[in-house]
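The following paragraphs lead the reader through a structure step by step. Please keep the sequence and the three-dimensional view at hand while reading.

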Amino acid sequence: MVEAIRFRDDKIHEEPAVSLDAFLDQSNATAVRIEAGENARLLLPLLDRLALIEVDFPVFGDGRGYSAAQILREAGYTGELRASGDVLVDQIAYMRRCGFDAFAPDAPIDPKVMDKALELYDAVYQGTTDSRAPIWKLRHG
Amino acid sequence: MYQYDKYDQQMVDTRVAEFRDQVERRLAGELTEDQFKPLRLMNGLYLQLHAYMLRVAIPYGTLNGKQMRMLGHIARKYDRDYGHFTTRQNIQYNWIKLEDAPDILADLASVEMHAIQTSGNCIRNISSDQYAGAAADEIADPRPWAEILRQWSSFHPEFSYLPRKFKIAVIASDEDRAAMRLHDIGIQLVHKDGELGAKFFVGGGMGRTPMIGPEIRDFVPADELISYAEACLRVYNRYGRRDNKYKARIKILVHELGKEEYTRQVEEEFAHMKTLGLNPPVEELARISEYFADPAFEAGASDDLDLSDPDFNLWVDQNTVAHKQAGYSIAIISLKPQGGIPGDASSAQIDLMADLAEQYSFDELRVTHSQNIVLPHVKKSDLYALWQKLDEAGLAPANLDLITDSIACPGLDYCSLANARSIPLAQKISERFADLGRQRELGELKLKISGCINACGHHHAGHIGILGVDRKGTENYQLLLGGSAAEDTSLAKITGPGFSEDGVIDAIETVTDLYLKERQEDERFIDTYRRVGMARFKEAIYG
């Protein structure tokens, strides 16, 4: 198991993430795992119960998890949002922009390469849930 | 023309640095080819049959002389002294070395250009009407809207790993010169109650399953454009098929859900997206629009032309288009010389076109989706001098929209996907129909050739289309009739069994002969075909 990467100060949530079906069927779980293709919106009425949502990337080219993350953050979810699976270093910056703040990659990620990638772009063109001001906002105040 | 501010420049400069680092990691073996592939694709770098191919973005097909000259420089320095203008208004180079790619991107960045998202499963270069800002029939210049979309779609974190590539076109007139309804999203600017906005068509495309995009919204206001586009994309990113590459385009999703259900989901998402503050203020559209203000046209320039030189007369008649400004013309440089490769230009020709743009067209050029170059603002009194210089350089074929002005994909000569060669066929057809008098007698005739089912040569949209297939190890060509990429969009149908290379040229002659026999008054080929029907043509071809 490769060590998880976290951009949060709180303690790692210890409870194992249950499947979406299992979570929707029971009332006391606090961590859930969404597979690619599952509807993240089903969680929206229950967000205040959740401390960890893990979104799986079966292959790095499957981008459904980016929308899942945005939907959860747009709805106000503030708990840990973890990308797991085929997560590569060159995807992490975009994942951060979509609201992921923890990563459990299948293969190890070189922290130096990751830090460099995350610091590379000073500005962004579009608004996302990471709240960075898009370039048009910088232009017009 | 749009000019980068410090932010735009910083974005492309950063991209160069990022890609340089990625290439170094690849060359050092830290990235596998599988991991590197999506990264290089998002910088327009393909691995083709013989070498890397680099596709450079020309946003909405507009560029200036300095940028054009840089394209010539790249051809000379890093390639085999030529470039190939593409059906997405871009240019591609076929003989690139991986280790040179970062330097090429740096050269491009120095003239406000890039290769960002010219391939990969992301939002590609935005295309537009090649006559934007010059056309007599447009209600507004579509390019500021295309630029807003370019910026929004660049490095979009949510939509960079879509099920498949995603193409957007923006036009602003009823005549469609950009194949708008054959795009994943086609946008037509329209007025509603005096306000300018966007009509959205979603789910058009060519490829294996050609479809004409249905209209899903008649009006999106300027200050909601981005949230509406986001809604269209999010529904696609979540629900577009990922199980089968050939069913992954948005057209399949729209088709399988049905237009109504797709629209309903988009509207639901849009209602939510509107609340997120995603749209640039109207001041941003105004800021960008200023860059596209009319050049300083000479008031009262004369419309008179001395047409006593018969060759010039032919060129003016065929290759110039009405301009919105009195005394000016839109001049089209055909990159389809007899026996030539459609869309190819040598570095010397590229340089010359750059010079001529500076001298005669307010420093502007356009690339068309039919692989020609436009000088959008030429004073009529300059046309003769311009034509003479073009003619000397082999750039004055007077064949715009005629049968030899064909579109052809790179085909099996370059492309790793192709089943058959396209270029030699286009060359042979242009030889067979070389007589300009005969071409003009046939009139407007859009011939489009693809070397495989992926349809990069737009064969579905050809009045006459040709599809190269592999039949038991030999190249075979199917003939299609009746397509159109214009406002009367239609999809061509296969006539029947395929032909050899020479056989398909004979078949084209058969159908054009039949057209000449059957046509009424000033019907174009496509009009006669539509009136007479496939059966008559089939009978003539197969007996």
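The domain assignment divides chain B into domain 1 (6-109), domain 2 (127-289), domain 3 (311-392) and domain 4 (407-542). The model under discussion is a predicted one. Between the centres of domain 1 and domain 2 of chain B, taken over C-alpha atoms, there are 26 Å. Seven residues from domain 1 of chain B and nine residues from domain 2 of chain B take part in the contact. On the side of domain 1 of chain B that touches domain 2 of chain B, three residues are nonpolar, three are polar and one is charged.

A pair of helices in chain B may be considered next. Two packed helices are described by the angle between their axes and by the distance between those axes. Helix H1 (6-27) of chain B packs against helix H4 (residues 101-109) of chain B at an angle of about 175°, and the axes are 9 Å apart. Angles over 145 degrees count as roughly antiparallel, and H1(B) and H4(B) are therefore roughly antiparallel to each other. H1(B) contributes Val12(B), Asp13(B), Val16(B), Phe19(B), Arg20(B) and Val23(B) to this contact, while H4(B) contributes Ala101(B), Pro102(B), Leu105(B), Ala106(B) and Ala109(B). By class, the residues of the contact of H1(B) with H4(B) comprise nine nonpolar, no polar and two charged.

Chain B also contains paired strands. Strands of a sheet pair through backbone hydrogen bonds, in either a parallel or an antiparallel manner. Strand S7 (residues 168-171) and strand S8 (residues 185-192) of chain B run parallel and are joined by four bridges; Ile168(B) has Ile185(B) in S8(B) as its bridge partner. On the other hand, S8(B) and strand S9 (residues 195-202) of chain B run antiparallel, with eight bridges joining them. Here Leu189(B) stands opposite Ala198(B) in S9(B). The hairpin of S8(B) and S9(B) has two residues between the strands, and Asp193(B) takes a positive phi near 50° in this hairpin.

Attention now turns to chain A. This chain has an open sheet of six strands in the order S1-S6-S5-S4-S3-S2, with mixed pairing. Strand S1 (5-6) and strand S2 (18-19) of chain A are the edge strands, each pairing on one side only. Within the sheet, strand S4 (residues 52-57) and strand S5 (residues 80-85) of chain A run parallel and are joined by six bridges. Ile53(A) stands opposite Leu81(A) in S5(A).

Helix H2 (residues 64-74) of chain A lies across strand S3 (31-34), S4 and S5 of chain A, and runs at about 160° to S4(A). Is this helix mostly covered or mostly exposed? H2(A) is mostly covered, with nine of its eleven residues buried. Among the buried residues are Arg64(A), Tyr66(A), Ile71(A) and Leu72(A). Their cover includes S3, S4, S5 and helix H3 (92-97) of chain A, together with H6 of chain B. Just after H2(A), Gly76(A) takes a positive phi of about 100°.

Finally, the two chains may be viewed together. In chain B, 32 residues are in contact with 26 residues of chain A. Several helices of chain B each supply at least two residues of the side that touches chain A, including helix H2 (33-41), helix H5 (143-153) and helix H6 (225-239). H1(B) gives the most to this side, with six residues. By class, the side of chain B that touches chain A has 13 nonpolar, eleven polar and eight charged residues.

Conventions: Residues numbered from 1 in each chain as written. Chains lettered and ligands numbered in written order. Predicted model: local features only at pLDDT ≥ 70, side-chain atom pairs only at ≥ 80, totals over all residues. Pairing = 2+ DSSP bridges. Contact = placed C-beta atoms within 7 Å. Axes fitted to C-alpha atoms, helices over the stretch in contact; angles between N-to-C directions. Nonpolar A, V, L, I, M, F, W, Y, C, P; charged D, E, K, R; others polar. Buried ≥ 20, exposed ≤ 12 C-beta atoms within 10 Å, placed from the backbone. Domains from an automatic or database assignment. Parallel < 35°, antiparallel > 145°, perpendicular 65-115°, else oblique.
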